[in-house]
Structure formats: structure tokens, C-alpha cells
Amino acid sequence: MARGSYDTRQRQSILAVMADHEDTFLSVDMVGQLLRAHGMEVGRTTVYRTLERMVSEGDMLKVADIRGGAAQYRLAPAVDPEDVEGQLRCDRCGRVLPLSCSSLGAFAEHVLVEHGFAIDPAHTVLHGVCPDCRESSAHAAAPTETSKKERHK
């Protein structure tokens, strides 16, 4: 916890909810729903301000929703900043996976040299579809034997 931050009951409850869902980004409203499910009444504004304060203190990550929806938050990984290369976020299920790939470093170097922009690897989140969701989509889209026979009539 950063110097000057308050260690309130609400903050501890929010941290507990975020720790229980450490591999998922959650919106302010989702955090509020989870708190209520645990019998804790914390106002939406308090949840928002607490999450924003934790972002500014480096304890929380924040990403904007790609569709213009609510921002989402998750606990910042507790790792050496030199080891952090990025994260992958599934846009279907919300799951977050660590990304440790030497190509990301090469990409960051390219962006710096060619575009003059320094990428912060600890806050790099790439959006897409995780292997589980891709597999479940493939199974749902796979034609059955009956449908194959009907197409070839």
C-alpha cells in the first residue's frame, strides 16, 4: 500500500473481492455486486474512488472497455517490473493471462524507434479471444453428421 493511502474497511473489502477475482478485469458495478453478495454495502462512488486511488498508487490496473463501456480494473501483478511484459485479455470471458513473449519487447522497441512512443510493458493489455473461448466457439460451430448429410442431398 502506498504512503498516504487510507486503510479503511471498504478498501479492505474491495481488495478482498479483487483478490478473489485476480485473473479478471471487473467494472465498478461488478465490484459493487460482488461486495453486496458478501453482505457488504459500499456505495458506487466509494468503489470508484477507491479503485481509482489504487490505480494511482500502482496497486490496481485499469483498462478502458473497447466498446466504449465502463472501465475495468484488476489487481496489479505482484512481480518484479523487469519481468512484466504484458497481459492478454479475453473479450468474451474477461479472463486475463500473463504475456511473456520476447516479440513484445521487439515490438516495443520498434514503436519507440519508429514512432517515438515508449510502451509501458506493465500496463500493456492486448485484447482478443482466449484458447478456451476459441475452442468452445469451434465446437459450437462444428457441423453435426446430420447437418452434413442434409447439405449434401
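Strand β2 (residues 60–63) pairs with strand β3 in the antiparallel sense over four bridges; strands are DSSP runs of E of at least two residues, helices are runs of H or I of at least four, and both are numbered from the N terminus. Two strands count as paired if DSSP finds at least two bridges between them. The model is predicted, with local features needing pLDDT of at least 70 and side-chain atom pairs counting only at pLDDT 80 or more, while totals for chains, interfaces and linings use all residues. Residues are numbered from 1 along each chain as its sequence is written, and side-chain values use heavy atoms, without hydrogens and water.

**Strands**
- Leu 61 has Arg 74 as its bridge partner in β3.
- Strand β1 (residues 26–27) is joined to β3 (residues 72–75) by two bridges, and these strands run antiparallel.
- The partner of Leu 26 in β3 is Tyr 73.

**Helix contact**
- Ser 13, Ile 14, Val 17 and Met 18 of α1 meet Val 31, Leu 34 and Leu 35 of α2, contact meaning heavy atoms within 4.5 Å.

**Salt bridges**
- There are six salt bridges, each a side-chain nitrogen of Lys or Arg within 4 Å of a carboxyl oxygen of Asp or Glu.
- Arg 11 and Glu 57 form one of them (3.0 Å, N to O).
- That pair links helix α1 to the loop between α3 (44–56) and β2, 46 residues apart.
- Both Arg 11 and Glu 57 are buried, that is, under 20% relative accessible area, with exposed over 50% and partly exposed in between (1.4 Å probe, protein chains only).
- Arg 53 also forms a salt bridge with Glu 57, at 3.5 Å between the closest N and O atoms.
- Through shared partners, salt bridges join Arg 11, Arg 53, Glu 57 and Asp 59 into one network.
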